[in-house]
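The sequence and the model are shown first.

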Amino acid sequence: MDTTQNEQLRARAQRVVPNGMYGHQATSLLPSVTPQFFSRAKGAYLWDYDGNRFIDLMSAYGPNLFGYCHDEIDAAYIEQLKIIDGATGPSAQFVELAESFVETVTHADWAMFCKNGTDATTMALMTCRAFRGKRKILIADGAYHGAAPWCTPIPVGVVDEDRAHFIYYQYNNVASLEAAVAEAGDDFAGIFATPHKHEVVYDQEAPDPAYAKAARALCDKHDGLLVVDDVRAGFRVDRDCSWHGLGVEPDLSSWGKAIANGHPISCMLGSNRAKEAAGSIFVTGSYWFAAAAMAASLKTLEIIRGSDYLERTAAMGDRLRHGLAKVAHEASLPISQTGPSQMPLIMFNKNEGGRDLALTFAFAEGMVKNGVHFHPFHNMFVNAAMTDGDIDDILTAARATAKSLPNLATYEVNPIAQMAFAGA
Ligand SMILES: Cc1ncc(COP(=O)(O)O)c(C=O)c1O
């Protein structure tokens, strides 16, 4: 039997890349029909090497906010590339982009640029410790802040010392946050929080305003810094920092993914309170000052401020959520849809309680077969290139999937995913 181009690429990768792929891009975690490689991306769509087109609900795991290969944003990138990009020093875009972030994000009095979300969260961690020379950082149990030794969720290659000064609290639980601050005592440096609870596998939870306000008050009272990690949710739920709507302004926020619609740049933003500390840490990178991604980010921020993308993605997310609820109801499938509707986590539960792993994976597999790139356990992202027609096509795929589910009693979920679900 002829192998597909995707299978051929996978086989070649196995020879020259450990496991053929790594990190969140490893589709060995997903239903086996999910393509590992893509040949083209435009707007809301992806094409694999075998010519199949997918409506992409993953949006590159977050960076795709306005559509792949966006004409205006990519033109800004390409034009800048022809003039100056990575050089011995930055261009004026460095200053202009910092000014643009300060104008856009209420708590921000300054910006520092880097490349990945992990750079931005690690800089925030260092700034918290530099602020008063304290060590203890409070992190919500299970929260994802990147893949450096201090935070990678699978701590292979990590030593206990890398995690020596972290205290883990329960998201949305004020008493547990207070207990963690008490445990930190005189060594309290700061609190990290994601905008909402958006870990894989678990139901997403909106932030309780009482929790967000308590985090702010505790940082003020105990002279630490509050960090909102907006890498994933930034500009997806607000045109400002994601906690702005709650009336809570952090001292620091970390951003990446959507800020340049997929071009490589991330940043840490901060208030004047944290400016001296941020200025005291030594952080840098060979590519951090390159101008083309900054030009792309400037254009992205302009579109964020000047378009109705936020309302449209939220409305399309609602349309998807209501449509899927109807499909699931018609087929008697106990669907679980959590998170902001433009960042949906869509899974299935057993009637007697607990996740239905087989149904969750079989449904995701069916969606991929029906032309929708669909993740069984990570939140997805509605992007502004999608139309109501795309959402309706996703619902048609869902209806077809629900009608042709395999025998779940014999359906095999891969062992790595089973491990990830243990305890969920
Ligand atoms: C909340 C959050 N913080 C940090 C990161 C790390 O970002 P990056 O993968 O760009 O290093 C991510 C990535 O998914 C994230 O979701």
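The sections below proceed from the whole chain to its sheets and then to individual residues.

## Basis of the description

The model is predicted: local features need pLDDT of at least 70, side-chain atom pairs count only at pLDDT 80 or more, and totals for chains, interfaces and linings use all residues. Residues are numbered from 1 along each chain as its sequence is written, and side-chain values use heavy atoms, with hydrogens and water left out.

## Overall form

The chain holds 12 helices and 13 strands; helices (H or I, at least four residues) and strands (E, at least two) are DSSP runs, numbered from the N terminus. For 424 residues, a compact globule would have a radius of gyration near 22 Å, and the chain agrees because its value is 22 Å. That radius is taken over C-alpha atoms, and the globule rule is 2.2 Å times the number of residues to the power 0.38. Along the principal axes, the C-alpha atoms fill a box of roughly 60 × 55 × 45 Å.

Of the 424 residues, 54% count as buried (buried means under 20% relative accessible area, exposed over 50%, partly exposed in between, with a 1.4 Å probe and protein chains only). The chain exposes about 18,400 Å², of which carbon and sulfur atoms supply 53%; accessible areas come from the Shrake-Rupley method with a 1.4 Å probe, and for residues only the protein chains shown count as cover. Among contacts with a separation of 6 or more, 75% join residues 24 or more positions apart, where contact means heavy atoms within 4.5 Å.

## The sheet of seven strands

An open sheet of 7 strands runs in the order β4-β10-β9-β8-β7-β5-β6, with mixed pairing; two strands pair if DSSP finds at least two bridges between them. Its edge strands are β4 (110-114) and β6 (166-169), each of which pairs on one side only. From one strand to the next, the twist averages 20°. Axes are lines fitted to C-alpha atoms, for helices over the stretch in contact, and angles run from 0 to 180 degrees between N-to-C directions.

Within this sheet, β9 (residues 252-255) and β10 (residues 266-270) pair in the antiparallel sense over 4 bridges, and Leu 252 stands opposite Gly 270 in β10. Helix α4 (residues 117-132) packs on the sheet and touches β4, β5 (136-140), β6, β7 (188-193), β8 (225-229), β9 and β10; the direction of α4 makes about 30° with that of β10. Helix α6 (residues 209-221) also packs on the sheet, touching β6, β7 and β8, and its direction makes about 160° with that of β7.

## The sheet of four strands

A further open sheet has 4 strands in the order β1-β2-β3-β13, again with mixed pairing. Strands β1 (38-42) and β13 (372-373) stand at the edges with a single partner strand each, so one side of each is left without a neighbour in the sheet. Helix α11 (residues 388-403) packs on this sheet, touching β2, β3 and β13, and its direction makes about 110° with that of β3.

Strands β1 and β2 pair in the antiparallel sense over 4 bridges, with Asp 48 in β2 as the bridge partner of Phe 38. Their hairpin has 2 residues between the strands, and Gly 43 takes a positive phi near 60° there. Strands β2 (residues 45-48) and β3 (residues 53-56) are likewise antiparallel, over 3 bridges. Trp 47 stands opposite Arg 53 in β3, and Leu 46 has Phe 54 as its bridge partner. The hairpin of β2 and β3 has 4 residues between the strands, and in it Gly 51 takes a positive phi near 85°.

## Buried polar residues in two helices

Glu 365 lies in helix α10 (residues 357-369) and counts as buried because its relative accessible area is 14%. The side chains of Glu 365 and Tyr 411 are joined by a polar contact of 2.6 Å. A polar contact is a pair of N or O atoms within 3.5 Å; within protein, one must be able to donate a hydrogen and the other to accept it, and residues adjacent in sequence count only if both atoms are side-chain atoms. Leaving aside residues up to four places away in sequence, Glu 365 touches Pro 31, Val 33 and Tyr 411.

Asn 6, in helix α1 (residues 5-16), is buried at a relative accessible area of 8%. With the same exclusion of residues up to four places away, Asn 6 touches Thr 34, Pro 35, Gln 36, Phe 37 and Asp 50.

## Positive phi in two loops

Most residues other than glycine have a negative phi. Asn 172 has a positive phi of about 70° although it is not a glycine; Asn 172 is placed in the loop between β6 and α5 (174-184) and is buried, with a relative accessible area of 17%. Val 201, in the loop between β7 and α6, has a positive phi near 75° and counts as buried at 2% relative accessibility.
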